[in-house]
Amino acid sequence: MDIGLLGGSFDPPHLGHLNVARDAREALGLDQVWLVPAHRSPFKAADPNPARPEVRRALCEAAVSGESGLAVWEGELHRPPPSYTVDTLEELQGTKHRLTLLMGQDQWAALHRWRNPRRIFELARVGVLTRAGYEGSESPEGPGPWPCIRVPVRRIEISSTEVRERRRAGRSIRYLVPDPVRRLIEIESLYGSPSDVTVGAGPPSSP
């Protein structure tokens with residue numbers, strides 16, 4: 001199968017993630033796009049109130065429930081942090097799937113800082129997510145001579161940080177995350193003020 005890999009913290013996954021995953025799948029003719037929640041990114045500062053890895057996995061599974069062509073691959077959560085993309089691609093090499101690593105333009109520009117970028121291109125093709133209607137070169141400006149595919153996607157201006165901040169402020173996150181994700185966040189009391197967060201009190205509820 002042709003598989004696209006979309007990595008991230010997904011703390012939490014939101015409608016913007018699903019939108020670019022669907023658009024990339026259609027644009028590239030992929031059989032599936034897998035959300036790949038990282039145990040911990042080597043480049044991101046730790047959030048003071050993160051959801052546990054197993055809770056983020058459950059949130060991702062809730063996000064793709066009922067979504068044809070979208071799935072979750074949790075392999076990075078079973079390795080000690082930080083999570084390196086090249087290790088994920090090495091692990092998936094034995095599956096015989098044809099892999100496309102999907103990334104934003106900011107990630108593409110910083111690819112020279114990633115662990116063993118040359119090996120990444122030996123294991124997968126790279127698709128760089130650009131705004132639909134983007135009038136630029138076929139290969140967006142990047143860190144070196146590595147090849148990539150430009151993947152036009154519609155951008156929805158939502159961030160996981162915004163979702164967490166709205167929760168902490170007691171504001172609604174409806175229409176920012178899929179309803180199954182919102183319900184699980186509410187059940188688990190995720191991203192609230194430190195006094196009312198219950199993460200760690202027990203296993204995540206079934207989405």
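1. Lys 96 first: with 69% relative accessibility, Lys 96 counts as exposed, the cut-off for that being over 50%. This is a predicted model, so read every value here as computed from predicted coordinates. Lys 96 sits in the loop between H3 and strand E4 (98–104), and its phi is near 70 degrees, which is positive even though the residue is not a glycine.

2. Tyr 191 is another non-glycine residue with a positive phi, about 65 degrees. You'll find Tyr 191 in the segment after H7. Is Tyr 191 buried or exposed? Its relative accessible area is 1%, so Tyr 191 is buried. Why look at these two backbones at all? Because most residues other than glycine have a negative phi.

3. Asp 11 and Pro 12 are joined by a cis bond with omega near 5 degrees, and Pro 12 belongs to the loop between strand E1 (2–8) and H1. The bond between Pro 81 and Pro 82 is also cis, with omega about 0 degrees; Pro 82 is in the loop between E3 and H3.

4. That loop between E3 and helix H3 (85–92) also holds Glu 76. Glu 76 is buried but makes no salt bridge. Which side chain of opposite charge is nearest to Glu 76? Arg 79 is, at 4.2 Å, and a salt bridge needs the nitrogen and carboxyl oxygen to be within 4 Å. Setting aside neighbours within four places in sequence, Glu 76 touches Val 36, Pro 37, Ala 38 and His 39 as well as Ser 83, Tyr 84 and Thr 88.

5. Now helix H2, residues 53–64. Its 12 residues should span 16 Å at 1.5 Å a residue, and the end C-alpha atoms are 17 Å apart, so the two agree. How many of the residues of H2 are buried? The count is 9 of the 12, which means that H2 is largely enclosed by the rest of the structure. Val 55, Arg 56, Arg 57, Ala 58, Leu 59 and Cys 60 are on the buried list, along with Ala 62, Ala 63 and Val 64; note the two arginines, Arg 56 and Arg 57, in there.

6. On the H2 side the contact is made by Ala 58, Leu 59, Ala 62 and Ala 63, and on the H7 side by Pro 180, Val 181, Leu 184 and Ile 185.

7. Last, Leu 15, which is part of helix H1. Its relative accessibility is 25%, so Leu 15 counts as partly exposed.

Methods:
Residues are numbered from 1 along each chain as its sequence is written. This is a predicted model: local features need pLDDT of at least 70, side-chain atom pairs count only at pLDDT 80 or more; totals for chains, interfaces and linings use all residues. Side-chain values use heavy atoms; hydrogens and water are left out. Helices (H or I, at least four residues) and strands (E, at least two) are DSSP runs, numbered from the N terminus. The expected span of a helix is 1.5 Å times one less than its number of residues. Buried means under 20% relative accessible area, exposed over 50%, partly exposed in between (1.4 Å probe, protein chains only). Lys and Arg count as positive and Asp and Glu as negative; His and the chain ends are not counted. Contact means heavy atoms within 4.5 Å.
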